[in-house]
Amino acid sequence: MNATTIPIVPLKVATAIEGDGMGCHSGGEAMLAAAKSAGKSDVLDRYAKDYPRNEKAGPHDQPQSMCPAFGSLRVGLRMRRTSTILSGSACCVYGLTFTSHFYGARRSVGYVPFNSESLVTGKLFEDIREAVYKQADPALYDAIVIINLCVPTASGVPLQILPKEINGVRIIGIDVPGFGVPTHAEAKDVLAGAMLKYARAEVQAGPVQAPRAGRSAKPTITLLGEMFPADPMIIGMMLEPMGLATGPVVPTREWRELYAALDCAAVAAIHPFYTASIREFDAAGRVIVGSAPVGHDGTEAWLQAIGNATNVAQDKIDAAKNRMLPAIKGALARMPIKGRITLSGYEGSELLVGRLLVESGADLRYVGSACPRTPWNEADLQWLQAKGVHVQFRASLEQDLAAMHEWQPDLAIGTTPVVQAAKELCIPALYFTNLISARPLMGPAGAGSLATVINAAIGNKARFEQMKEFFGSTGTAHAAGVWEASHGVPQDRPEFKAEQRRQAVKLAKKRKAEEMV
């Protein structure tokens with residue numbers, strides 16, 4: 001094996017590794033500039049187009065999300081015969097591996113460590129290359145995924161020049177920096193799109209491996225986006241009267257499923273932000289259908305759109321509707337939701353959940369999603385707006401909290417900080433990721449899945465008020481936290497706060513004046 005030496009090119013801007021040697025505190029703008037100067041302009045420009053956000057957004061105008069790289073890591077860890085290796089700062093790798101095992105990865109995560117010297121001399125790339133060669137055992141793996149985190153991306157570690165295949169094992173190298181990919185939901189698409197691109201090239205080159213269960217006898221609909229395990233089966237029941245079947249769910253659980261996903265009649269963009277994946281399906285000549293079969297109206301429109309996209313006769317489309325729509329309407333009527341709700345999350349399914357809440361009878365006032373507006377969630381957006389719901393894409397924590405304060409809901413559904421803030425105000429709250437999105441949403445099962453947990457939560461308001469009355473202001477504001485009696489409870493110092501605020505304003509004015517010079 002011949003070692004590869006990466007030439008060191010002098011940069012005109014400060015690199016992300018200057019200072020503490022790791023670059024973790026360099027800031028997004030500095031790291032973005034360093035990455036572009038280090039040869040990552042093409043990939044970052046593509047990310048900016050695929051996952052758009054407001055370039056003028058300030059530090060608090062960003063969407064809520066855990067580290068974006070977790071999305072790509074999760075996709076790799078859920079696939080059979082796939083090894084995942086991280087290249088990044090040790091603290092980041094620790095956090096990502098902890099989170100992955102918290103969510104049940106049950107698989108080791110590879111890590112190639114580095115220091116300032118190995119990063120700037122190109123030795124890190126050589127170490128990555130050596131690690132990939134050692135891991136590339138075709139008896140164990142179909143593919144090896146290498147993920148550059150922030151610092152290696154900013155420093156230009158060139159994963160793109162790794163071999164595309166070693167001993168029959170596919171090599172997929174991707175950059176997933178926090179300063180380039182806005183959310184972990186969209187990072188799932190980064191890896192899914194890269195895998196689809198590789199698989200599509202394999203299909204074009206010749207015969208490929210068939211699915212484990214063989215090819216479907218019926219035309220299939222590939223489902224795009226992670227979803228509750230029961231939902232694909234429910235969708236399959238909806239498609240059956242039209243002579244269609246469900247295909248794989250992308251991201252897939254095995255490499256060979258990628259071929260079956262491409263071998264479909266149409267693609268259902270259940271999660272509408274998989275831009276890179278949709279680009280590959282477009283290149284394969286597949287029709288993309290947005291929205292999803294949620295609630296009565298959503299199911300009726302989706303079945304019609306799928307039927308039209310696959311040239312199904314209208315009588316068969318009507319048969320599918322007649323089979324499902326009465327059952328959905330009945331489930332909605334049996335399990336109504338009564339109460340005002342604000343909804344926010346970062347999974348990408350927020351608009352679909354919003355539609356289901358409205359049809360269940362909820363007084364939904366606000367839907368905030370960390371993900372962007374795309375052509376494939378336009379129908380959901382228009383439907384919600386017609387019902388008087390304010391929809392905020394790329395929603396920040398501040399926007400989600402402002403909506404909650406404005407509407408004073410009976411229930412706030414949101415991310416962890418939203419739930420915490422709501423409960424401090426005695427507003428019942430539910431965590432979107434674990435308690436809402438982890439339920440069936442499609443068809444009759446989805447129509448009745450949310451009412452029980454939501455109505456129970458709304459009914460808990462009296463308990464919050466009792467706790468508030470009992471604890472009073474203990475552990476709040478300046479006295480927040482747990483304090484030993486011997487040390488006393490911290491005292492409020494308004495004069496100190498006022499002085500610090502004055503100093504901050506003075507410093508901000510000074511910086512503004514310096515910018516104008």
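Leaving aside neighbours within four places in sequence, which residues is Arg80 in contact with? The close-up views below, taken from a predicted model, begin with that residue.

View 1. Once its neighbours within four places in sequence are set aside, Arg80 is in contact with Arg107, Arg212, Arg253, Glu254 and Glu257. Of these partners, Glu254 is joined to Arg80 by a polar contact of 3.2 Å between the two side chains. The C-alpha atom of Arg80 is separated by 33 Å from that of Leu356, a residue 276 places away along the chain.

**View 2. Crossing of helix 2 (residues 69–77) and helix 7 (residues 184–205).** The two axes come within 6 Å and cross at roughly 50°, which makes helix 2 oblique to helix 7. The crossing of helix 2 and helix 7 is right-handed. Helix 2 contributes Phe70, Gly71, Ser72, Arg74, Val75 and Gly76 to the contact, while helix 7 contributes His184, Ala187, Lys188, Val190 and Leu191. Sorted by class, the residues in this contact of helix 2 with helix 7 comprise 5 nonpolar, 4 polar and 2 charged.

**View 3. The cis peptide bond from Val250 to Pro251.** Omega for this bond is near 10°, and Pro251 is found in the loop that runs between strand 7 (245–250) and helix 9 (256–262).

**View 4. Positive phi values at Gln408 and Cys426, neither of which is a glycine.** Gln408, placed in the loop between helix 15 (397–407) and strand 13, has phi near 45°, and with a relative accessible area of 46% Gln408 is partly exposed. Cys426, which lies in the loop between helix 16 and strand 14 (429–431), has a phi of about 65°. The relative accessibility of Cys426 is 11%, under the 20% limit, so that Cys426 counts as buried.

**View 5. Thr415 in the loop between strand 13 (411–414) and helix 16 (416–424).** With a relative accessible area of 3%, Thr415 is buried. Not counting residues up to four places away in sequence, Thr415 touches Gln64, Ser344, Gly345, Tyr346 and Tyr431.

Definitions and conventions. Residues are numbered from 1 along each chain as its sequence is written. This is a predicted model: local features need pLDDT of at least 70, side-chain atom pairs count only at pLDDT 80 or more; totals for chains, interfaces and linings use all residues. Side-chain values use heavy atoms; hydrogens and water are left out. Helices (H or I, at least four residues) and strands (E, at least two) are DSSP runs, numbered from the N terminus. Buried means under 20% relative accessible area, exposed over 50%, partly exposed in between (1.4 Å probe, protein chains only). Contact means heavy atoms within 4.5 Å. Axes are lines fitted to C-alpha atoms, for helices over the stretch in contact, and angles run from 0 to 180 degrees between N-to-C directions. Angles under 35 degrees count as roughly parallel, over 145 as roughly antiparallel, 65 to 115 as roughly perpendicular and the rest as oblique. A crossing is left-handed if the near helix is turned anticlockwise from the far one by less than a right angle, and right-handed if clockwise. Ala, Val, Leu, Ile, Met, Phe, Trp, Tyr, Cys and Pro count as nonpolar, Asp, Glu, Lys and Arg as charged, and the others, Gly among them, as polar. A polar contact is a pair of N or O atoms within 3.5 Å; within protein, one must be able to donate a hydrogen and the other to accept it, and residues adjacent in sequence count only if both atoms are side-chain atoms.
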